[in-house]
Amino acid sequence: MSATGDGEDRVGAYADAIFEVARGERAVDAVDDELLQVARAVRDNRELHDAMTNHEFPVGRRLDALDRILEAAHPTTRAAMALLVTSGRVRELEEIARRVAERAAAERQRELAEVYVAVPLDEDRRERLRQALEEATGKDLELKVFVDPGVIGGVRAMVGDTVIDGTLARRLEEVRARLDR
């Protein structure tokens, strides 16, 4: 088996274990949301990423920092993150979190849609967006919405391998490309 295959199997095993513990604790809703949020924070904050992945930094200090960051998180999310830190798997956090969220969505007979917006959405706008994306994809979707400062206007959504980019930046690129012809 290739190294990539081994890594994918390991990521899947961690995601499966975290999902099963969350299911057993009746905390799937909280854990899949919180893990995705933590994964985005670690990805987007270089200092946090370095602190969580630096093996020269004592594990105890990394766990203390993690406790402060996840103070309001569900205990199962905190335990999952402690597992990933102590086992040296924080570099794989984003993929593990995505797989946990996909399993949670599949259990609800839906498909995961990661949606990036410029500003938080109220419940009405979120529901209208879900309906529009379901119509566009032909799938029942579970939305995970993230505020992304890079999205100046509009929405960017990822459903599986499909990317729907309705951001203002994308529309400007299209106009620019037409003008360059």
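Two strands count as paired if DSSP finds at least two bridges between them. Helices (H or I, at least four residues) and strands (E, at least two) are DSSP runs, numbered from the N terminus. This is a predicted model, in which local features need pLDDT of at least 70, side-chain atom pairs count only at pLDDT 80 or more, and totals for chains, interfaces and linings use all residues. Residues are numbered from 1 along each chain as its sequence is written, and side-chain values use heavy atoms, with hydrogens and water left out.

Q: What makes strands E1 and E2 a pair?
A: Seven bridges join E1 (residues 111–117) to E2, and the definition asks for at least two. The two strands run parallel. Val117 stands opposite Val147 in E2. From E1 the chain passes through helix H7 (residues 123–137) to reach E2, a right-handed β-α-β crossover. Right-handed means that, with the strands pointing away from the viewer, the path from the first strand over the helix to the second runs clockwise.

Q: Why is strand E2 described as largely enclosed by the rest of the structure?
A: E2 covers residues 141–147, and five of its seven residues are buried, so the strand is largely enclosed. Buried means under 20% relative accessible area, exposed over 50%, and partly exposed in between (1.4 Å probe, protein chains only).

Q: Why does Glu114 count as buried?
A: Glu114 has 8% relative accessibility, so it counts as buried. This residue is found in strand E1. Leaving aside neighbours within four places in sequence, Glu114 is in contact (heavy atoms within 4.5 Å) with residues including Arg40, Arg98, Lys144 and Arg156.

Q: Why is Ala106 called partly exposed?
A: The relative accessibility of Ala106 is 46%, so it counts as partly exposed. Ala106 is in helix H6.

Q: How do you know that the buried residues of H3 are on the same side of the helix?
A: The buried residues of H3 (residues 46–53) are Leu48, His49, Met52 and Thr53. They cover an arc of only 115° around the axis, which puts them on the same side of H3. The arc is that of the directions from the helix axis to the C-beta atoms. These buried residues pack against helix H2 (28–44), helix H4 (59–69) and helix H5 (75–86). The face turned away from the buried side carries the exposed residues Arg46 and Glu47.

Q: What makes Leu35 stand out in the largest nonpolar core?
A: A nonpolar core is a set of buried Ala, Val, Leu, Ile, Met, Phe, Trp, Tyr and Cys residues joined through side-chain atoms within 4.5 Å. The largest one has 36 residues, and Leu35 is among those that touch the most other members. Not counting residues up to four places away in sequence, Leu35 touches residues including Ile18, Met81, Leu93 and Val100.

Q: Why do Arg26 and Gln109 count as exposed?
A: Arg26 has 80% relative accessibility, so it counts as exposed. Gln109 has 68%, so it also counts as exposed.
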